[in-house]
Each structure stands twice: as C-alpha cells, then as structure tokens.
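User: Hi! I'm new to this one, could you walk me through it?
Analyst: Happy to, let's have a look together.

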Amino acid sequence: MERPLRWLVSLFMFVSLLPVAAMAQERGLEIDIVGGTASALPIAVVPMPYQGSGAAPATDVAGVIRADLDRSGQFRGLPERDMVERPTRGNEVNYPTWRVLKQDFLVVGRVVDAGDGGYRVEYELFDVAKQQRLLGFAMTARANAMRDVAHQISDAIYEKVLGVRGAFWTRIAYVTASGVGSGSRYALMVADSDGYNPQTVVRSGESLLSPAWSPDGRKLAYVSFERGNSSIYIQDISSGARELVAAFRGINSGPAFSPDGRSLAMTLSKGGNPEIYVMDLGSKALRQVTNQMGIDTAAVWSPDGGSLYFMSDRGGRPQIYQVSANGGGATRVSFEGSYNADPTVSYDGKKIAVAQGNGNNYRIAMLDRSLGSPRWSTLSPGSLDESPSFAPNASMVLYAAREGSRGVLYAVSADARVRQRLVLADGDVREPAWGPYRQQR
Amino acid sequence: MNATTRILITALMCTAAVACSKKVKEVPPPMDTGTTAPVTDTGPTTPGMYGPGDLDTDACLRQRVVYFDFDQDALRPEFQSAMACHAKYLRDRPSSRMTLEGNADERGSREYNLGLGERRGNAVSSALQANGGSGSQITVVSYGEERPTCTASSEDCWAKNRRVEIVYTEK
C-alpha cells in the first residue's frame, strides 16, 4: 500500500516538474522589474482562452503582452486575479466594471484554430473612458511562433496608445562567459527582447566582444580573439556562415554597420595608433576617418549615415566626438563627466547614451538634444555599468552591469523610471546589443 | 699617395666585409640547434652574454610582468632594471622574439581598454628599444580587459590586471 503511493507521488512530482524544465530551457534570461512607476497607464489585458478543437497553444498570449507592456514602464498591467470579468470579444465588454477597476485601457481576445496546426489570435483594444474600440485585428501563426504574435500585438497596442512604434518584437545579442583561465568559454547569443528563445550564434575558447547588428537584422559583426589577436568577423545568424573582414596587425575592434548596411566602421591600430576606419563591405576597401594621437574607438553611425560618433582621449580624458563619415575635423559632443565612453545613438539622432565614469563609479547617462540646449540624465545606479544600447524606438536602453563577480544585463526605460534585470542561469552576461525592428516574412 | 691609401682602405674594408660575412654565415648552425643542449652547454663562450637558460635562472630576466597605474601607460621607475636586462637579452640573442601582451583592468569601456592595453604594450616596447633591443624582435598584442588574472572588483585586483606580460616566443 505504501509503495504504490510513494510511486504515485514521485510520478506526480515528475509530471509537475516537466513544464518547469521545459520553460527553463526555452527561457535563457530571467527578468525582474526593479523600479515601478505610479504614472504608468493602467491597462487590463484579459486572458485570451483557446476556443478551438485541437490542442491548446503552449504560449499564454495575454501573459506575454502584459509582461511586455509592464516592462516598458509606460503601462501598468492589471493582475489577472483582479479581473472580475473575463470578456473575450467586444460585445461582452461591460465598461463600468473596468472603470471601477480604474483601468484606462482594456485588451480582450481569443485563440482559435487556423488550420495546419496553426492558430489565429483575434484581439481588440478599448479606451475605457471613451467606451471606444481603438483596434480590432487577427493574426495567424504556427504554434512555435505564438510569442512572436504576442510581441507584435504588444507593438500595435503600444503604438496606438502612445503614438510611438513598439519595439517588443525585436531581438537582442549578448555575450556569455563561463569558467576562468584556460577553461574559459564564451558564446555570442541572440534572444527575443524579453530574453526568451536564446540561440547560440558562435562559441569560442577566447573572448568575444562588441556584437553589432546589420540593419536588416540578419547578420552580426563581432570581435573575436580566437586567432590570438583581435579580429572582426561578420556572421549570418541563421546559416552560421561567417567571414573574416579585419585581421590587421594591432587592434581590430568596434565594428558598426552603416545604416545602409554597405559599410562597416571599425577601430584599427595597424598604422600604430587606434583610429576609426570605414570599410566598404563590397570591395573591402578601407577609408581612414580619424587621424589623431590618442585612442579613437567605439564608433557608431548617425541615423543618416553621414557622420560617426566615437570616443577619444585626444583631449586627455575619454569623451564623445562626432566626425563626418568622410573624415576631417571632429567636434566634441560631451562636456559633462570626466569619462564618457561607448556611445549609442537613438533612431532620430537626438539622444546619445554613454557609459559615464566618475571616480570608481561608472553609470549609464543620456544626453538629450531634442529640446534645444543639451540635457543630461542618469539612467543607472552604477557602479560598473557599461555598453549601453538603444532599443530601435529609443524607449529603452540595454546595458551591462556587474553584481559581485558576475555580469548581468539591465534594460532601463529612457525616462529611467523602470529598470529590469535580465539574468542568465549560469555565468556572466555582457556586451548587449539591441537589434533592429524585425520584418514580416 | 692619397689614391694608394684609398685603395688600401677599400681593400681592408673588403677583407673585413668578407670576414664579417663569413662569420655571419657561420652563425646559423647554432640557431638551428637553438633549443638543444649544446648552446647552453657552451654557456659563457662569450662571458657576460645571456643564453636561453638565463630566462629561468636570472633574477632580473625572470621578471616578466610590468604593472601600471590606473589609466596610465607610463613605465614606473621600478621596472627600469627589468627593461635593461630584457633589452640586453634581445641584443645578446638576435634570433629571440617576444610578444608584449597589454592588459587593462575591468573599469570602463572594453573598446577603450583595448587601446589602453596596446598603449602599455607600446610603452614597454619603447623602453626595450631605448635600451638597445630591436623593434623587429617585438610584437605587441592587446587583450584589453579580456584576460584578467584576478576577477574581484577591488583596487588590489585591478592593480594586478593593469599589466604587460613579456612572453618569449623564440628564445
């Protein structure tokens, strides 16, 4: 009697552990919301039940949308337990209920079959005060692309309410490191913007750094030490095919694709001193952009492709400069802080985020030039924060921080109100790069 | 008279050159057996000259890590004697080659730290050349902050990571 019971218990435990194990595999990064905000817009995303006749999808579509909107810092999702009604279509919506719950917006929907094992998600967005439907759409996807659908719905809601394109359906690249000394292992990874679906792009026994996305989101340029010295590769993410583009004597680092994808800016010290060059990716011809004593590195392009922002210590301490992509004199851009490094530029060219050092404290700071006189704000608490990277809509900045002896990634809203930590289960995470908007195929 | 002297001098120089080139031609064999016993056995054929064995025994030559101050690439005075003996080794052993591996601590930009590591490597290279070493024997590689010897975020640890390692690739 005792034995079968124990067996049953262990079977039950095994079965109940299964989904957790599956989730852990799917999810490489874990997200905590560090800060909160009272001024975020209240929105209720009601669960979207499966109403088909086959197997229900594994993805909780409404749950993914709610988490996306929460993370943005612009919205505050109503917890599921507080939803006293669960409408799935417009004619079931009872506005006074949501007004009592102090919700500004309401999202309802349902999942139905779409044939060939695919699903169709039908959803609607309502303005509670105006009792008005703002959106009503349906999206079809295969079972394994349901998270993509959920992120695209989040993007549509974000854009409808805020008037800014959403950047949830995007990917991020980062480097993981584990082990020490000769046992060190490095991997260049790509994952969804919420950390799900991590995918290894390349592994190495030597350090990998500075991943940079091609504008079409299909390739990554990065620096590898696998040849002993630093060298720059370009790798196709889906096929894995890669090309060595720079392995000159001295430093080969800091790759950045031009907005048209035809050129790659980089740092080379083959002439004796680290300078910014631009390589034509068709002919591989190099054009030297800077020529100055001092370290010039970490170049990024202005959105129009006409100029490059980079860091240089030509004036004594590292600061941000701007130079025409054709070369010539550089103009200093940063005048606050004794150490400004690793610039990232917003899509409209008006905001520049940097790693700003002050004594032993390095924090992410942002220079906003959209309102006439340049204005600085601090986005992170420190103390060893680096490598900021703007989301394609500039609503958030991804960056690397240290916790103890381990590297972690944070995403912070551009108004610094909400910060979330993305933690890999094991090892060190660093060198984040937020990818471009994705294209419907 | 003048012409005779000139001829004599030219003749002498020719002889010297021939003698020299002969000597140069005789040098290669020891290079081939550079790592085998005979060379170290013959030891002080030329008194006061360094041999490969000295890299493991000579107190000065065994000093192969040069440390730097924060954000600095200036060589500290305490490393001058090490520069002098490694430069002498390079002079004594023209076939020897070294790689100077420049490193930085973890603070700040990884990209900038690559530049800083290279600057430190170049500073050591310049000091060796100022002491008579040949630039053709020296290669500088920067690892930036990618190869720390110590991984805690403390001043103690950072000081150990701000370094140039002298690695002999040919002894």
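User: Let's start with α2(A). Is it mostly covered or mostly open?
Analyst: Mostly covered: ten of the twelve residues of α2(A) are buried, where buried means that 20 or more other C-beta atoms, placed from the backbone, lie within 10 Å of a residue's own. Keep in mind that this is a predicted model, in which local features need pLDDT of at least 70 and side-chain atom pairs count only at pLDDT 80 or more, while totals for chains, interfaces and linings use all residues. Residues are numbered from 1 along each chain as its sequence is written, and chains are lettered from A and ligands numbered from 1 in the order in which they are written.

User: Which residues of α2(A) are buried?
Analyst: They are A:V61, A:A62, A:V64, A:I65, A:R66, A:D68, A:L69, A:D70, A:R71 and A:S72.

User: And how far does α2 reach from its first C-alpha to its last?
Analyst: Helix α2 of chain A, residues 61-72, reaches 17 Å, close to the 16 Å expected at 1.5 Å a residue. The expected span is 1.5 Å times one less than the number of residues. Helices here are DSSP runs (H or I, at least four residues), strands are too (E, at least two), and both are numbered from the N terminus.

User: What comes just after α2(A)?
Analyst: A:G73, which takes a positive phi of about 85 degrees.

User: Switching to sheets: what is the order of the open one with four strands?
Analyst: In chain A it runs β9-β8-β7-β30, with antiparallel pairing; two strands pair if DSSP finds at least two bridges between them. The edge strands, each pairing on one side only, are β9 (199-204) and β30 (428-437).

User: How many bridges join β8 and β9(A)?
Analyst: Five, in the antiparallel sense, with β8 covering residues 185-192 of chain A. A:M189 stands opposite A:T200 in β9(A).

User: Now A:D348, is that one buried or exposed?
Analyst: A:D348 is exposed (12 or fewer other C-beta atoms within 10 Å), because it has 11. A:D348 sits in the loop between β22 (339-345) and β23 (351-358) of chain A.

User: Last topic: how many residues of chain B are in contact with chain A?
Analyst: 17 residues of chain B are in contact with 30 residues of chain A, counting two residues whose C-beta atoms, placed from the backbone, lie within 7 Å.

User: Which element gives the largest share of chain B's side?
Analyst: That is α6(B), with six residues of the side that touches chain A.
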